[in-house]
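This report goes through strand pairing, nonpolar cores and aromatic contacts in one protein model. Please look over the sequence and the structure before reading on.

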Amino acid sequence: VPLLTGTNSSTNSETGNYSYVPGTISVGDVVYVKKDNVVDRACAIDDSRAPVIGFVINLITTPNPVATVQYSGELTLSGILPSLLIGSQYYLSKDHPGKITNNIIELGGGNVLQKVGYAKDIDTFIIDIDIDYIIL
């Protein structure tokens, strides 16, 4: 049972399916397309692990590994992150692959700055990915 839940179509959420290597990603991770339609945990440490395309909301392991990724809309993050800071912008994390941070100071020089969305409330995240990231 996935820990994340996307909301109904009234929020304009979009999803897509990708291949993944079992054990490399988890539900709730932010991911990028590594190659050949395979996703992996995104990380701001360098631009080879960006840009973020969305959040993993479901994983199927058999018969073939498939990750469902949500690109936009509302996402309930209860149990995935500590309480979100309402109204805060969140970015791809440098220190925790596959995670997000609202601490832009952690990124530092030479790292990717990519906005992934903002907190609507303590459990609801609005995915608003800025595909055009910059290197600090």
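## Aromatic pairs

Rings of Phe, Tyr and Trp (its six-membered ring) pair if their centres lie within 6.5 Å; planes under 30 degrees apart count as stacked, over 60 as edge-to-face and the rest as tilted. The model examined here is predicted. Searching the whole structure gives three aromatic pairs. In one of them, the ring centres of Y90 and F125 are 5.8 Å apart and the planes stand at 75 degrees, so this pair is edge-to-face. The pair connects distant parts of the chain, since Y90 belongs to strand β8 and F125 to strand β12, 35 residues apart.

A single aromatic cluster is formed by F55, Y90 and F125. Y90 has a relative accessibility of 6% and therefore counts as buried. F125, at 0% relative accessibility, also counts as buried.

## Nonpolar cores

The largest nonpolar core has 23 residues, and L92 and F125 have the most contacts inside it. At least two residues of this core come from each of β3, β5, β8 (89-92), β10 (112-113), β11 (115-119) and β12 (124-128). Strand β8 gives the most, with three residues. Another core, of ten residues, lies apart from this one; Y18, Y20, V27 and A67 are among its members.

What is F125 in contact with, leaving aside its neighbours within four places in sequence? The partners are F55, G73, E74, L75, L77, L84, Y90, I100, V116, G117, Y118 and A119. In soluble globular proteins, nonpolar side chains tend to be buried together.

## Pairing of strand β3

Strand β3 (residues 30-35) has bridges to two strands, β5 and β4. With β5 (residues 54-60) the strands run antiparallel and are joined by two bridges; here V31 has G54 as its bridge partner. With β4 (residues 38-41) the strands also run antiparallel, joined by four bridges, and V33 stands opposite V39.

The hairpin of β3 and β4 has two residues between the strands, and in this hairpin D36 takes a positive phi near 45 degrees.

Buried would require a value under 20% and exposed one over 50%.

Apart from neighbours within four places in sequence, I135 is in contact with D47, G110, N111 and V112. The C-alpha atoms of I135 and Q114 are separated by 8.8 Å, while the two residues are 21 residues apart along the chain.

Conventions
Residues numbered from 1 in each chain as written. Predicted model: local features only at pLDDT ≥ 70, side-chain atom pairs only at ≥ 80, totals over all residues. Heavy atoms only, no water. Pairing = 2+ DSSP bridges. Core = buried A, V, L, I, M, F, W, Y, C linked by side-chain atoms within 4.5 Å. Buried < 20%, exposed > 50% of the residue type's maximum accessible area, 1.4 Å probe, protein only. Contact = heavy atoms within 4.5 Å.
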